[in-house]
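Trainee: I would like to go through this structure term by term. Please set each value against its definition.

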Amino acid sequence: MSAEIGTQRCITVLGHVDHGKTTFVDSLLAANNIISARMAGKIRYMDSREDEQERGITMESSAVSLRFKMLKRTESGEDASADYVINLIDTPGHVDFLSEVSSASRLCDGALVLVDVVEGVCTQTIAVLKQAWHERLRPILVLNKLDRLITELKLSPSEAYHHLILVIENVNAVMGDFFAGERMEDDYRWRQERERRLAQRKEMDAANMEEHAGDDSADGGVAFEERDDEDLYFAPERGNVIFASAIDGWAFRVGKFAQLYAKKLGVNERNLRKALWGEFYLDPKFKRVVTHRQLKGRNLKPLFVQFVLENIWAVYENVVLNPNPDKVAKIVTALEIKIPPRDLRSKDTRHVVNLIFSQWLSLSTCTFQTVVEILPSPSAAQRARLPKMLYPDLQETTAVPKTKLEEDLWECRKGDSSNVVAYVSKMFAVPKDRLPKKEGDEAPQPLRKQTDPKIGGLPSVEGISLNDSHMKVPTGQHEKEIFQEDGNKDDDVLLGFARLYSGTLRTGKHVYCLLPKFSADSGTTPSHARNGPFIACVRVEALYEMMGRDLVRINEVSAGNVFAIEGLAGAVYRNATLCRPSSVSLEGGDSFVTLENIDTLRDCLINLAGVGGQVAPIVRIAVEPVEPALLPRLVKGLKFLSQSDSCVETFQQQTGEWVILGAGELHLERCLRDLEERFAKVKIQASKPIVPFRETIVKAPDMRPTKSPLGIRGTFPASSHKVVNFTIRAVPMPDSITRFLKTNVSLLKRIQRDIGRSNTRPESAAQYSGDTLDAEPTEDISEGELHQKSSVRYEDFWEELEKIMDEAGPEWKGIAPLIWGFGPNRIGPNMLVWRCKVGSKMLLKARSRRREGQDSISHQDVLDTNLIPPEFETSLETGFRVATFQGPMCGEPLEGVAFFLESLEYDASQMEGENVNAKKAQISGSLVSLSKETCRTAMLDWSPRLMLAIYSCDIQASNDVLGKVYSVIARRRGRIVSEEMKEGTAFFSISATIPVVESFGFPDELRKRSSGAASPQLIFRGYEIFDQDPFWVPTTEEELEDLGEKADRENVARAYMDTVRKRKGLFVEQKGIASAEKQRTLKR
């Protein structure tokens, strides 16, 4: 893997599920003789898993390196061939495996975005376009399955043309939304920075400020620069749109037909390329191209319809729809292609279509040419992408390199004089027996198809010659065994899925592994205690070139390539950055690359951060082995599973159960299969899927009378040993405040970290040891929560929260400075507010200000009467956190509830005498449980509600199965949000919401009821209140008359609550016998 930088491309294939990505890649593989051309689209070579072949969808991203030659005209006018290497990654389209798309996007420079022309832009199409936008990938739009417009929808060429225009406009609208959103953020940041500079200048010189008040440059900044968005959009005349049918093996760009017709018509090829797409027509009388204004009422067809689509339609009409052998023979003669007469007489019409189009409009030829012309080389791409990866707050599109390391990265330099930097985006497991053997050993069975002598050289098609380069397998180290069990030879090996950004990496060399939390900024050395757990030095055991389901062992990898690396197990959990100084600068050779010399070699270290865009794990299951004695093997298998899948979370609950968290039902099925057949290799017993709920309270019109002894709803007093007396009032929070807290969870984490740092010595190494690192941000996605980007800056958090509270109503005005804590886990969407007249407590806002160095704290932030011992206050806060973590209904976390500590009294006289410390400990413990129970009681005085996890469901179905789709959604307690007919098709696009707890088995049921004509795409969208009181019983005369005392109507909320309580072992009020009769013995 040592091709020239300018002849390399790194691309990924993105798109919605079932839009033809793997079939498209099959045609490219057939051009490299990896598979048979006739099997392209049927074998699905990149889907190497058995369950992928069974379901017909991709579940894991896989890479392949393709080689070809392309003729290019030199400056002297001569034709010269150039060898190109394309590192291609095929990705899943199902939403459950979006993390695979994220890991693949970070390693690539461009993307082929496939869109089914019949289904159009779908939910995952928008998701992958957004991922490509954030990673700064250059996209190419591939309009796939054009054959469906002919064979299924029976559209005419003119109708198909207008349908294609609509699809391209929809895709461009999505790109325009991304651009507009980014420009709005840039404008907001620019205005904030300008206001900050103006405020500083006003403080320095008020007189000069008044003089230059209307001048944008007076503040020392620059005016806001507008950017042109013309290059962002897809336009066929620019060559960044491919029209294709992957199943039939053909694809083209408008430039292909412009080249053909330019010779026949004798016109300029460049001008014809611009006129082939759009409202341009051929005047048959004057033989010239005219626009729409020059038609003068004539009914002419656009050039794209007349020159392109009608020819393609003619082939399908005479081969597939109405077979006519005579016309097919004429078409073959007119196209000047050679097809044996025996093949033309074949009864398989799609095979005949494939034979014609593969020689006329070759998919591989068109794709390779487009990738080389449109997508940038690694050196050009890294100059645009890496500055934003290293400096996320960078506003400019490019940045000047500051160090030798950045120069190597910007230029994608290779060789011994360049620093080695590689990024590992994920770890994946490979069966040990599938790894290639050492030199001289027999190749494993899967590789025989590549070394079969029956496969000849690769053909040359339309100026492109495909050459299969034969890799020499070097002598390498023995594979590192992981989790050895009784000498089992079938153990899996963990490999890193990586890309090399600079330098040359060789087998046997040592490299530094930097985990995502590693940081050497702010004067912290690499050897600092906080960096200890996040850096390791490992030896490269082996390097592999990935060829789909096969691996080829290689000696070295040069910059700009995607590869697999062995030797990272035990050092890299999921993703990491690999660094190594240049060989020229190493005076002591490879032996000098050790952790002891890390500070000396710190100039070669750089952290490319983690992967974003992951799916929130929402569904979990508990697992256990059928044979309890095999539990250790299950635990090791779970660790292996968690490493090999970046969207899986595995942990042990307090009850001792081992739990797997996944993105959805399909994802969990794959995890269980991997665990049972590959990693643990034991029979597993899994529980039913467990879905998280949330508990909240609302102000309902039919609430029961308050039970508060004070007469104020939700207000209850409590006393601990007559020493500490307090009163807590529960109130439902406005939706605006709850949404703000949920959106800015990352800022709440940072506030708690900063407060924690201020309470400890910064030089202490103990706080940085182990897994309980408080100083570093965590990247774990909380169970059942969406990972959202913060809506405000850290410095503006409290001001924005005060503003939202002021807008929420007069009862919330001035509450922000009195917030004592958030819950659960100190970062949740519930708050504890200090409203006492006495007591001493440093509140959150004041403590965070002190951390920032603002020693001037107002009287509102600190109540300066020091009467309550601090351990008692801590116990009260702990009780609040426990209450919000386990609600009163079914032990699920709370959301949107505020607890006000209205009063707190402390009787110091009761603490006099002996055993004061023992009394304090006793009271502190009792305050935790008392505070928890008081919060729960206060909450139940309102109208409690369950919040259900909700999937947004997108379905595309035809008119004849629409009623069946609606009935399945209604039976699952779903709700139809919108329904619209896709223009130009007979398909309806249905948007609905469905509770996650009701979604298990929903896709299978929908496919069965619709005979496979409808398939849903489920995406987790958060929580919604289920508006039914689980404790409701009929009380009024009308309700008793309607339902009776037993209330025979099912209380769905009560059923959900009782199910969770049963699972957790909590008490459930349930009648054992519904209607009993006295036993009697019948006389004979």
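Mentor: Start with a pair. Aspartate 109 and arginine 385 form a salt bridge, with the closest N and O atoms 3.3 Å apart.

Trainee: Why is the contact of aspartate 109 with arginine 385 called a salt bridge?

Mentor: A salt bridge needs a side-chain nitrogen of Lys or Arg within 4 Å of a carboxyl oxygen of Asp or Glu. Here the closest N and O atoms are 3.3 Å apart, in an aspartate and an arginine. The pair therefore meets the definition. Side chains of opposite charge can pair when their charged atoms come close.

Trainee: What makes aspartate 109 and arginine 385 distant parts of the chain?

Mentor: They are 276 residues apart. Aspartate 109 is in the loop between α3 (98-106) and β4 (110-116), and arginine 385 is in helix α15 (residues 378-390). Helices (H or I, at least four residues) and strands (E, at least two) are DSSP runs, numbered from the N terminus.

Trainee: Is aspartate 109 buried or exposed?

Mentor: Buried means under 20% relative accessible area, exposed over 50%, and partly exposed in between, with a 1.4 Å probe and protein chains only. Aspartate 109 has 2%, so it counts as buried. Arginine 385 has 3%, so it is buried too.

Trainee: What is the origin of the model, and how are residues numbered?

Mentor: The model is predicted: local features need pLDDT of at least 70, side-chain atom pairs count only at pLDDT 80 or more, and totals for chains, interfaces and linings use all residues. Residues are numbered from 1 along each chain as its sequence is written, and side-chain values use heavy atoms, with hydrogens and water left out.

Trainee: How many salt bridges does a search of the whole structure find?

Mentor: It finds 49. One of them joins glutamate 1005 and arginine 972, with the closest N and O atoms 2.7 Å apart. Glutamate 1005 is in helix α27, and arginine 972 is in the loop between α26 and β35, 33 residues apart. Both residues are buried.

Trainee: Why does the salt bridge of arginine 975 and glutamate 1024 tie together separate parts of the sequence?

Mentor: The N to O distance is 3.6 Å. Arginine 975 lies in strand β35 and glutamate 1024 in strand β37 (residues 1016-1026), so the pair ties together parts that are 49 residues apart in sequence. Arginine 975, at 44%, counts as partly exposed. Glutamate 1024, at 34%, is also partly exposed.

Trainee: How do you know that the buried residues of α26 line one face?

Mentor: Helix α26 (residues 962-971) has Leu962, Val965, Val968 and Ile969 as its buried residues. Seen down the axis, they fall within an arc of 130 degrees, so they line one face of the helix. The arc is that of the directions from the helix axis to the C-beta atoms. Gly963 and Ala970 are exposed on the other side.

Trainee: What covers the buried residues of α26?

Mentor: The cover includes β34 (943-958), β35 (975-981), β36 (987-995) and α27 (1002-1009).

Trainee: What is proline 302 in contact with, leaving aside its neighbours within four places in sequence?

Mentor: Contact means heavy atoms within 4.5 Å. Proline 302 is in contact with Tyr161, Gly278, Phe280 and Tyr281, those neighbours left aside. Its C-alpha is 5.5 Å from that of phenylalanine 280, 22 residues apart in sequence. Proline 302 lies in the loop between β9 (288-291) and α10 (303-321). At 9% relative accessibility, it counts as buried.

Trainee: What makes the phi of asparagine 33 worth a remark?

Mentor: Most residues other than glycine have a negative phi, and most peptide bonds are trans. Asparagine 33 has a positive phi, near 60 degrees. It is found in the loop between α1 (21-31) and α2 (50-55). At 19%, asparagine 33 is buried. Glutamate 336 also has a positive phi, of about 60 degrees, although it is not a glycine. But glutamate 336 is exposed, at 72%.
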